[in-house]
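Visitor: I have a structure to go through with you. Can we start with the terms and then take it piece by piece?

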Amino acid sequence: MMEPIFFEPVFKERIWGGTKLESFGYKLPSTQTGECWAFSAHPNGPSVVKNGRYQGQTLADLWGSHRELFGGLEGDTFPLLTKILDANADLSVQVHPNDNYAKANENGELGKTECWYIIDCEEGAELIYGHHAQTKEELQSMIDEGEWDKLLRTVPIKKGDFFYVPSGTVHALCKGTLVLETQQNSDTTYRLYDYDRKDAEGNLRELHLDKSKDVITVPFQEEQLVFDTTKHGGVNITHFVENDFFTVDKWEVNGQAEFEQEYPFLLCSVIDGNGVLVHKNKEYTLEKGSHFLLPSQFGQFTLNGEMELIVSHV
């Protein structure tokens with residue numbers, strides 16, 4: 001019988017990480033845990049199935065051997081990667097390449113377009129999103145002269161905000177931010193600026209200035225997204241973004257609603273509250289921190305409870 005496939009999260013310790021991921025019920029490896037990889041078929045942190053007939057297999061195993069679970073989608077690698085990030089300190093200022101540049105320069109790795117849902121943040125929090133250079137020459141000059149205050153564009157944020165971050169966008173999460181990130185299945189990041197911080201051995205972290213200059217989009221143009229919210233039974237569905245890489249929605253469950261799974265797959269992350277998923281008269285408990293995949297041909301199911309989910313598909 002088809003069933004939801006739950007995954008064990010993979011944790012990554014980071015210089016900027018903290019302990020906020022404990023609020024999802026996770027046991028963390030350290031007090032500098034920056035990332036929870038919720039759905040990952042990337043070799044740097046493969047997710048493992050924790051229930052049912054596929055228990056112990058990785059998401060990459062399923063993609064390789066059970067493509068029917070994904071509606072027969074084509075491609076060498078599973079397309080998406082979902083993370084929760086705890087920015088206990090400022091992240092480095094970064095930019096990601098597109099598919100063509102990454103394929104040519106990063107051993108065939110995918111490029112990285114991503115998006116962020118702000119689960120929570122401190123009062124007065126902000127993030128770096130874009131830059132102020134108008135030409136490539138101006139960009140290179142500002143970088144070479146270290147004119148970061150002049151170059152970098154900061155925006156205030158609040159809980160519930162959503163940001164789309166296409167490849168080529170200068171960006172950084174800042175201190176006091178908890179984010180769910182949906183992205184292409186890539187671990188390629190070009191570090192542009194790191195506040196001259198030193199690691200535990202007293203070394204500056206590596207920068208990738210030449211590659212950053214190559215891929216930064218100039219001038220920066222923020223894509224104007226329109227967020228539509230519709231009611232589906234006891235669920236409010238907010239449609240955030242839809243493009244060639246992913247579609248991302250937020251489901252706010254306040255009661256009960258029936259759904260039909262009509263996509264190649266659905267990735268569902270419970271970011272608050274709890275409830276149940278009912279499928280073919282079987283109940284599955286959902287709680288904050290649950291991450292589950294609904295495969296192709298899953299059919300009808302019911303959600304019931306008080307919870308918020310971020311849901312993505314291709």
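Guide: One definition first: buried means under 20% relative accessible area, exposed means over 50%, and partly exposed is in between. Also note that this is a predicted model.

Visitor: Which residue forms a salt bridge with Glu122?
Guide: Lys175 does, with the closest N and O atoms 4.0 Å apart. Lys175 is in the loop between E11 and strand E12 (177–184), and Glu122 is in the loop between strand E7 (114–121) and strand E8 (126–131), so the pair ties together parts that are 53 residues apart in sequence. Lys175 is also partly exposed, at 47% relative accessibility.

Visitor: How many salt bridges does the structure hold?
Guide: Twelve salt bridges. One of them joins Glu222 and Arg153, with the closest N and O atoms 3.1 Å apart. Since Glu222 sits in the loop between helix H5 (209–215) and strand E14 (228–232) and Arg153 in strand E9 (residues 152–156), this pair ties together parts 69 residues apart in sequence. Glu222 is partly exposed at 34%.

Visitor: And what about Lys158 and Asp161?
Guide: Their side chains meet in a salt bridge of 2.9 Å, N to O. Lys158 is exposed at 53%, whereas Asp161 is buried at 15%.

Visitor: Which residues are linked in a network of salt bridges?
Guide: Arg14, Glu35, Lys83 and Glu181 are linked that way.

Visitor: New topic. Which residues does UniProt list for "binding site"?
Guide: The unreviewed UniProt entry lists His96, Glu114 and His171 under that heading. They span 76 residues in sequence, but no two of their C-alpha atoms are more than 10.8 Å apart, so they gather at one spot. The lining of the largest pocket includes His96, Glu114 and His171.

Visitor: Where does His96 lie, and is it buried or exposed?
Guide: His96 lies in the loop between strand E6 (93–95) and helix H2 (99–105). It is buried, at 2% relative accessibility. Beyond four places in sequence, His96 touches residues including Lys112, Glu114, Ser167, His171 and Val215.

Visitor: What does the side chain of His96 make with the side chain of His171?
Guide: A polar contact, at 3.2 Å. His171 is in strand E11 (residues 171–173) and is buried, with 2% relative accessibility. Leaving aside neighbours within four places in sequence, the contacts of His171 include Glu114, Trp116, Ile128 and Val165.

Visitor: Last one. Where is Phe301?
Guide: Phe301 is in strand E20, and it is buried, with a relative accessible area of 2%. Phe301 and Phe259 are 42 residues apart along the chain, with their C-alpha atoms separated by 5.4 Å. Among the contacts of Phe301 beyond four places in sequence are Trp251, Phe259, Leu277 and Leu294.

Terms used:
Residues are numbered from 1 along each chain as its sequence is written. This is a predicted model: local features need pLDDT of at least 70, side-chain atom pairs count only at pLDDT 80 or more; totals for chains, interfaces and linings use all residues. Side-chain values use heavy atoms; hydrogens and water are left out. UniProt positions are given in the numbering used here, feature names are shortened, and annotations may be inferred rather than shown by experiment. On a 1 Å grid over the protein atoms alone, a cavity is a set of points where a 1.4 Å probe fits but cannot get out, and a pocket is an open set with protein on both sides within 12 Å along at least five of seven lines; lining residues have an atom within 4 Å of a point. Helices (H or I, at least four residues) and strands (E, at least two) are DSSP runs, numbered from the N terminus. Buried means under 20% relative accessible area, exposed over 50%, partly exposed in between (1.4 Å probe, protein chains only). Contact means heavy atoms within 4.5 Å. A polar contact is a pair of N or O atoms within 3.5 Å; within protein, one must be able to donate a hydrogen and the other to accept it, and residues adjacent in sequence count only if both atoms are side-chain atoms.
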